[in-house]
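Q: Could you go through this model with me, starting with how its helices pack and then turning to the ligand and the confidence?

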Amino acid sequence: MNEVTTILKAEGIEKRFVQGDEAIEVLDGVDLSLAAGERVAIVGRSGSGKSSLLHVLAGLDDVNHGQISLVGEPMAPASNDARTALRRKYMGFVYQQHHLLPEFSALENVALPLRLNGLPQRQAEQQSGELLGRIGLGARLRHLPAQLSGGERQRVAVARALVHQPKLIMADEPTGNLDTASAAELMALMVELSESSGVAFLVVTHDTSMLHQFDRVLTLVEGKLQSAAANDDE
Ligand SMILES: Nc1ncnc2c1ncn2[C@@H]1O[C@H](COP(=O)(O)OP(=O)(O)OP(=O)(O)O)[C@@H](O)[C@H]1O
Ligand SMILES: [Mg+2]
């Protein structure tokens with residue numbers, strides 16, 4: 001069997017939102033192919049549909065038209081259960097606001113995807129502790145999200161997205177709430193992780209100072225993705 005090197009493939013994606021008798025055409029024929037280990041940034045004006053695109057690519061929302069496959073398996077069209085199963089197996093997601101569970105420690109938050117994939121608690125926590133140690137949070141395992149700094153919380157969120165060894169991590173403005181130094185640190189961590197683990201990253205960002213760290217930069221304009229030079233300002 002051939003090794004699958006295309007991690008994510010999307011063809012002809014259309015997405016519209018209907019409100020009353022008005023339809024907003026947000027995605028109007030998006031094509032995207034992501035190779036194993038590739039780091040791709042998506043930029044575009046506010047309201048251009050970047051978050052909507054990540055959500056449909058992650059199978060968190062339906063498409064109106066088009067096909068998406070993740071590691072060769074159909075993400076759209078597919079049932080909700082099939083999409084959830086694919087996400088758990090192959091994908092991690094990082095939000096602008098960490099979305100960690102407030103009552104759970106850093107360790108428990110990171111262990112959650114492993115528990116959902118059926119790993120016993122002790123093993124899940126051991127692997128999670130090792131990963132948190134590797135990313136410099138070994139002394140924060142029992143901290144609750146509220147007891148961590150913003151930068152630390154995002155690092156925990158990245159660890160949670162990575163712990164089950166996915167093929168792809170999607171992130172929607174993961175550095176958007178951080179100061180410049182913490183943002184640069186988080187980005188460096190993501191680059192290091194993609195190089196050491198081979199995980200691909202698809203990242204929405206407004207931060208043009210980060211763009212040189214990506215293999216490709218794509219701009220979402222009028223519902224379509226266009227190539228952009230990595231150091232363009234827009
Ligand atoms: N659930 C929804 N129902 C109706 N309209 C929506 C919904 N979600 C998004 N939209 C609309 O779709 C468009 C794209 O929204 P989206 O959040 O994807 O933009 P974005 O590029 O992520 O913007 P930002 O940079 O501000 O985060 C916007 O005009 C928004 O109002
Ligand atoms: Mg958005």
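Helix packing, ligand shell and confidence

A: Helix 5 and helix 6 cross in a right-handed sense, where right-handed means that the near helix is turned clockwise from the far one by less than a right angle, and left-handed that it is turned anticlockwise. Helices (H or I, at least four residues) and strands (E, at least two) are DSSP runs, numbered from the N terminus. The model is a predicted one, in which local features need pLDDT of at least 70 and side-chain atom pairs count only at pLDDT 80 or more, while totals for chains, interfaces and linings use all residues. Residues are numbered from 1 along each chain as its sequence is written, and chains are lettered from A and ligands numbered from 1 in the order in which they are written.

Q: At roughly what angle do the axes of helix 5 and helix 6 cross?
A: The axes of helix 5 (residues 150–162) and helix 6 (residues 180–197) cross at roughly 20 degrees and come within 10 Å. Helix 5 is therefore roughly parallel to helix 6, a label that applies to angles under 35 degrees.

Q: And which residues meet there?
A: From helix 5, Gly 150, Gly 151, Gln 154, Arg 155, Val 158 and Leu 162 meet residues of helix 6 that include Leu 186, Leu 189, Met 190 and Leu 193, contact being C-beta atoms, placed from the backbone, within 7 Å. The residues of this contact between helix 5 and helix 6 divide into six nonpolar, five polar and two charged.

Q: How do helix 3 and helix 5 cross?
A: The axes of helix 3 (residues 106–116) and helix 5 come within 7 Å, crossing at roughly 25 degrees. On the helix 3 side the contact is made by Ala 106, Asn 109, Val 110, Leu 112 and Pro 113, and on the helix 5 side by Val 156, Ala 159 and Arg 160.

Q: Switching to ligand 1, which element gives the largest share of its shell?
A: Helix 1 gives the largest share of the shell around ligand 1, with three residues. The residues around ligand 1 include Phe 17, Ile 24, Val 26, Gly 49 and Lys 50, near meaning a C-beta atom, placed from the backbone, within 6 Å. By class, the shell has three nonpolar, eight polar and one charged.

Q: What is the mean pLDDT?
A: The protein has a mean pLDDT of 93, and 96% of its residues reach 70 or more, on the predictor's scale of confidence from 0 to 100. Over residues 230–234, however, the pLDDT is below 50. Where pLDDT is low, the predicted coordinates should not be read in detail.

Technical notes. Ala, Val, Leu, Ile, Met, Phe, Trp, Tyr, Cys and Pro count as nonpolar, Asp, Glu, Lys and Arg as charged, and the others, Gly among them, as polar. Two residues are in contact if their C-beta atoms, placed from the backbone, lie within 7 Å. Axes are lines fitted to C-alpha atoms, for helices over the stretch in contact, and angles run from 0 to 180 degrees between N-to-C directions. Angles under 35 degrees count as roughly parallel, over 145 as roughly antiparallel, 65 to 115 as roughly perpendicular and the rest as oblique.
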